[in-house]
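Please read this briefing alongside the sequence and the coordinates. The points are grouped by topic, so that each can be checked against the structure in turn.

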Amino acid sequence: MEQKTKVTAEDGKQDLMITREFDLPVELLFKAHTDPELIEQWMSNPYATSKLLKFEGKKHGSYQQQSTDANGKVVFSASGVFHDIIPNKKIIRTFEMENAPLGVQLEILNFEKLDDHKSKLTTHTIYESGVLRDQQLKMPFAQGLSMAHDRMQEIVSKLK
Amino acid sequence: MELKTKVHAEDGKQDLTITREFDLPVELLFRAHVDPEIIVQWKAIPNTTAKILKFGGKKHGSYHMQSTDAQGKVVSNVHGVIHEFIPNQKIIRTFEVENAPIGVQLEIYDFEALTDNTSKLNLHVIYESGAIRDQVLKMPGASGYTMGMAHDRMQEIMNKLK
Amino acid sequence: MNLRRDVFQAIADPTRRAILLLVASQAMTAGAIASNFDTARPTVSKHLQILTECELLGQKQNGREIYYHLNAKNMKEVANFIEPFRKMWDDRYNKLEEVMKKYKPKK
């Protein structure tokens with residue numbers, strides 16, 4: 001089966017590309033990135049609720065987002081500024097995760113209409129360095145790892 | 001003679017660093033980058049007049065600078081957003097020249113006090129691609145020499161404020 | 001007689017992934033690696049053997065000690081590091097699609 005979301009990260013570079021085709025008209029795909037309520041919906045998952053503390057979805061606006069777990073603990077917070085927003089075409093923004101030593105990223109989101117019901121999103125993320133990019137790439141990997149460790153710990157403590 | 005402003009661009013990368021030491025306290029070096037009246041004096045393209053239409057010198061602020069020629073014709077529009085703003089230490093911002101085919105760049109300015117009267121600027125510029133960076137490097141305005149002239153101008157302007 | 005093992009299978013195991021992360025920053029001896037786990041030493045040795053067989057780990061003799069390091073040449077195959085990152089975005093985008101398909105513009 002071909003994978004819907006593709007990540008390209010060339011060796012030794014400091015950027016990466018995420019591409020994905022959607023069964024959505026480009027207008028809706030774009031709206032999903034500029035309507036705060038919608039963003040909160042799709043950025044949330046069973047483990048964390050996403051909230052936009054600030055969202056000025058316009059050229060030179062800024063945003064601040066936060067995710068909390070079931071106990072209300074903040075598990076993720078990030079902020080940045082919109083360099084440019086061109087409806088149904090392009091979003092250029094900065095992104096920085098708080099409390100993570102990953103620096104600032106420049107993100108360029110390109111929205112493309114494929115037909116009346118299909119669209120494509122290409123996200124080009126540029127890091128301060130290749131080392132930081134690789135670190136970011138490994139993060140979900142490391143998180144999965146620590147989750148696995150926690151589960152293991154749980155199981156082991158029950159055996160005690 | 002060694003150039004005071006050094007440009008370091010590694011082969012095959014999409015970023016570059018510009019470093020320069022100034023005979024200025026770090027506060028004045030920083031001010032030269034955030035005071036609109038001073039910026040227009042040293043950042044203007046030769047033979048043009050620069051005007052700052054918008055300048056939000058704060059975190060999550062934005063800026064817009066316009067240059068006009070002697071006839072009043074607009075020759076360039078530069079704009080961007082300020083991601084981070086720490087007085088006398090750091091500025092992170094985006095930068096784009098409208099209608100120029102070089103995309104957007106991320107600029108990280110580090111200001112460092114060397115002594116009470118000298119300071120160092122470390123500017124890290126990251127482009128959308130290595131090809132764009134190389135193209136910019138070939139433009140006359142990007143050489144260490146031209147950039148050095150702007151920095152010389154800045155040093156002169158700031159000397160008066162010492 | 002080395003059995004060439006499948007890289008995917010090798011990194012499917014959480015302990016082996018943890019070992020790869022450990023040696024990614026610096027070469028380590030089997031003892032130093034094992035000290036990071038509660039698992040029995042022979043179990044760690046077995047993991048090291050598997051990772052070495054599929055050439056994700058390399059060995060270098062230094063005096064009496066053998067150091068394990070991440071095999072840079074095979075970093076491409078370790079592009080599988082990217083898989084959890086890709087999966088994260090895939091899940092997010094699936095959700096986006098789901099949310100937007102239900103979306104009715106308020107007019």
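This is a predicted model: local features need pLDDT of at least 70, side-chain atom pairs count only at pLDDT 80 or more; totals for chains, interfaces and linings use all residues.

Chain A is in contact with chain C through 24 residues of chain A and 21 residues of chain C, and with chain B through 16 residues of chain A and 16 residues of chain B. An open sheet of 8 strands is found in chain B, and an open sheet of 3 strands in chain C.

**Confidence by chain**

- Chain C has a mean pLDDT of 78, with 77% of its residues reaching 70 or more; among its elements, the mean runs from the lowest value, 66 for helix α1 (residues 7-12) of chain C, to the highest, 91 for strand β1 (residues 28-29) of chain C.
- Over residues 1-5 of chain C the pLDDT stays under 50, and for this stretch the model has 7 contacts beyond four places in sequence.

**Where chain A touches chain C**

- The contact between these chains involves 24 residues of chain A and 21 residues of chain C, and on the chain A side two or more residues come from each of β1 (5-8), β2 (15-22), α1 (26-34), α2 and α3 (130-159) of chain A.
- Of these elements, α3(A) gives the most to the side of chain A that touches chain C, with 8 residues, and by class the residues of that side divide into 16 nonpolar, 3 polar and 5 charged.
- Helix α2 (residues 36-43) of chain A and helix α5 (residues 82-102) of chain C have axes that come within 8 Å and cross at roughly 130°, which makes α2(A) oblique to α5(C); the crossing of α2(A) and α5(C) is right-handed.
- In this helix pair, α2(A) makes the contact through A:Leu38, A:Gln41, A:Trp42 and A:Met43, while α5(C) makes it through C:Arg92, C:Lys95, C:Leu96 and C:Val99; by class, the contact of α2(A) with α5(C) has 5 nonpolar, 1 polar and 2 charged residues.

**Where chain B touches chain A**

- Here 16 residues of chain B are in contact with 16 residues of chain A, and β5 (74-86), β6 (90-97) and β7 (104-113) of chain B each supply at least two residues of the chain B side.
- The most is given by β5(B), with 4 residues, and by class the side of chain B that touches chain A has 7 nonpolar, 6 polar and 3 charged residues.

**The sheet of chain B**

- The 8 strands of this open sheet have the order β1-β2-β8-β7-β6-β5-β4-β3 (chain B), with antiparallel pairing, and the edge strands, β1 (6-8) and β3 (49-55) of chain B, each pair on one side only.
- Neighbouring strands of this sheet are turned by 20° against each other on average, direction ignored.
- The antiparallel pairing of β6(B) with β7(B) extends over 7 bridges, with B:Ile92 opposite B:Ile108 and B:Lys90 opposite B:Asp110.
- β6(B) and β7(B) form a hairpin with 6 residues between them, and in its turn B:Asn99 has a positive phi of about 60°.
- On to β8 (residues 119-126) of chain B, β7(B) is joined by 8 bridges in an antiparallel arrangement, in which B:Glu107 has B:Val125 of β8(B) as its bridge partner; this hairpin has 5 residues between its strands.

**Strand pairing in chains A and C**

- In chain A, strand β3 (residues 48-55) and strand β4 (residues 62-69) run antiparallel and are joined by 7 bridges, with A:Gln64 of β4(A) as the bridge partner of A:Lys54.
- β3(A) and β4(A) form a hairpin with 6 residues between them, and A:His60 in the turn has a positive phi of about 70°.
- In chain C, the 3 strands of the open sheet follow the order β1-β3-β2, with antiparallel pairing; β1 and β2 (57-62) of chain C stand at the edges with a single partner strand each, so one side of each is left without a neighbour in the sheet.
- β2(C) pairs with strand β3 (residues 65-70) of chain C in the antiparallel sense over 6 bridges, and the bridge partner of C:Leu57 in β3(C) is C:Leu70.

Definitions and conventions
Residues are numbered from 1 along each chain as its sequence is written. Chains are lettered from A and ligands numbered from 1 in the order in which they are written. Two residues are in contact if their C-beta atoms, placed from the backbone, lie within 7 Å. Ala, Val, Leu, Ile, Met, Phe, Trp, Tyr, Cys and Pro count as nonpolar, Asp, Glu, Lys and Arg as charged, and the others, Gly among them, as polar. Axes are lines fitted to C-alpha atoms, for helices over the stretch in contact, and angles run from 0 to 180 degrees between N-to-C directions. Angles under 35 degrees count as roughly parallel, over 145 as roughly antiparallel, 65 to 115 as roughly perpendicular and the rest as oblique. A crossing is left-handed if the near helix is turned anticlockwise from the far one by less than a right angle, and right-handed if clockwise. pLDDT is the predictor's confidence in each residue, from 0 to 100. Two strands pair if DSSP finds at least two bridges between them.
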